[in-house]
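Hi everyone, thanks for coming. I'd like to walk you through one chain today, from the overall picture down to a few individual residues. Let me put it on the screen.

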Amino acid sequence: MARRLDAFVTKTVTPEPREGNAPVRIAETEHGMLNAIGLANPGRDRFLAETLPLLRTLGRPLWVSVGGVSARDYAETCALLDDVTIELNLSCPNVDEAPESAAEIVAACRAATSLPLYAKLSPATWDIAGTARAVEAAGADGLSLVNTIRGLALGPTLRPTLARAVGGYSGPALRPVALAAVYACRRATQLPIVGMGGVQTGHDALELLACGATHVALGTVLFADPDAPARVRTELADELERAGFATPDDAVGVAQAAVATVEN
Ligand SMILES: Cc1cc2nc3c(=O)[nH]c(=O)nc-3n(C[C@H](O)[C@H](O)[C@H](O)COP(=O)(O)O)c2cc1C
């Protein structure tokens, strides 16, 4: 399946190895999924020595998701990477996603690498458009929108299902949230936007394009349907044709035309 993707995005890599949280780390809900994986990853040294060479055998463009606590953590990992696109996961635990902090991380990474840099933002902020503008000014080449939002599920005995109680909520319920974030950031910046959040069908992908995404990524749907990328691509082509768009680019931002001004 992965060999047919346009690009493959890794799980977030941090400077040190992380075992992640204890189980239960994943819970299904009616309209989405909760995860509290806790950024489990082998750390950047093993990632570079073992994981990345394996991923290269896919023969697909790779996006490496970089995480950390300080701007220096992020920048040091960026400096070690080559021949990939970098996605800065700015929604890591203990990372403040205020525009100034996000911009500080992006600026440090910009100074450390000339590779393409995408800033991945969480929608759980008052002013995502402000953060988008700040990371653009700091040298980001694009935005990835959106990361999960915080959620909690209870089991039959009214105890939290996840061992950590709270986790990141993804899947269909996140779709309107993602559309709003893409919509706001498209108005705020010129940056290309990878839209994601609850995409299950070609129509869902088309809506993200209409709000201003230039690319679409899939996450949660892959658990239920590993062939979703090929299916969504085919469905999107049908949807575009039905709506009278010659290319996906023609659909980008069409939802914007209707409104003159919008609040964040
Ligand atoms: C099990 C799981 C693990 C995830 N791990 C990461 C991660 O390591 N780094 C990151 O930036 N986002 C991570 N995400 C967030 C997704 O990349 C995506 O932003 C989010 O789930 C919304 O898209 P979706 O509804 O299509 O899943 C994870 C999501 C899930 C469900």
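So, the chain holds nine helices and eleven strands. Its radius of gyration is 18 Å, close to the 18 Å that the globule rule gives for 264 residues, so the chain is as compact as a globular protein of that length. Please keep in mind that this is a predicted model.

If you take the C-alpha trace along its principal axes, it spans about 50 × 50 × 40 Å. Of the 264 residues, 42% are buried. And if we look at contacts with a separation of 6 or more, 70% of them are between residues 24 or more positions apart.

Now, let's go inside. Which residues touch the most other members of the largest nonpolar core? That core has 73 residues, and the ones to look for are Leu88, Val106, Cys109, Ala119, Val182, Cys185 and Leu208. As for who contributes, helix α5, residues 175-188, gives the most to this core, with eight residues.

Let me zoom in on Cys185 for a moment. Leaving aside residues up to four places away in sequence, Cys185 touches Ile128, Ala129, Ala132, Leu143, Leu145 and Ile193.

Last stop, a sheet. Here four strands form an open sheet in the order β2-β3-β9-β8, with antiparallel pairing. At the edges you'll find β2 (26-29) and β8 (149-152), each pairing on one side only. From one strand to the next, the twist averages 40°.

As a quick reminder, strands of a sheet pair through backbone hydrogen bonds, either parallel or antiparallel. For a closer look, take β3, residues 32-35, and β9, residues 166-170: these two pair in the antiparallel sense over three bridges. Within that pairing, Met33 stands opposite Ser170 in β9.

That's my tour, and I'm happy to take questions.

Technical notes. Residues numbered from 1 in each chain as written. Predicted model: local features only at pLDDT ≥ 70, side-chain atom pairs only at ≥ 80, totals over all residues. Pairing = 2+ DSSP bridges. Axes fitted to C-alpha atoms, helices over the stretch in contact; angles between N-to-C directions. Rg over C-alpha atoms; globule rule 2.2 N^0.38 Å. Buried ≥ 20, exposed ≤ 12 C-beta atoms within 10 Å, placed from the backbone. Contact = placed C-beta atoms within 7 Å. Core = buried A, V, L, I, M, F, W, Y, C linked by C-beta atoms within 7 Å.
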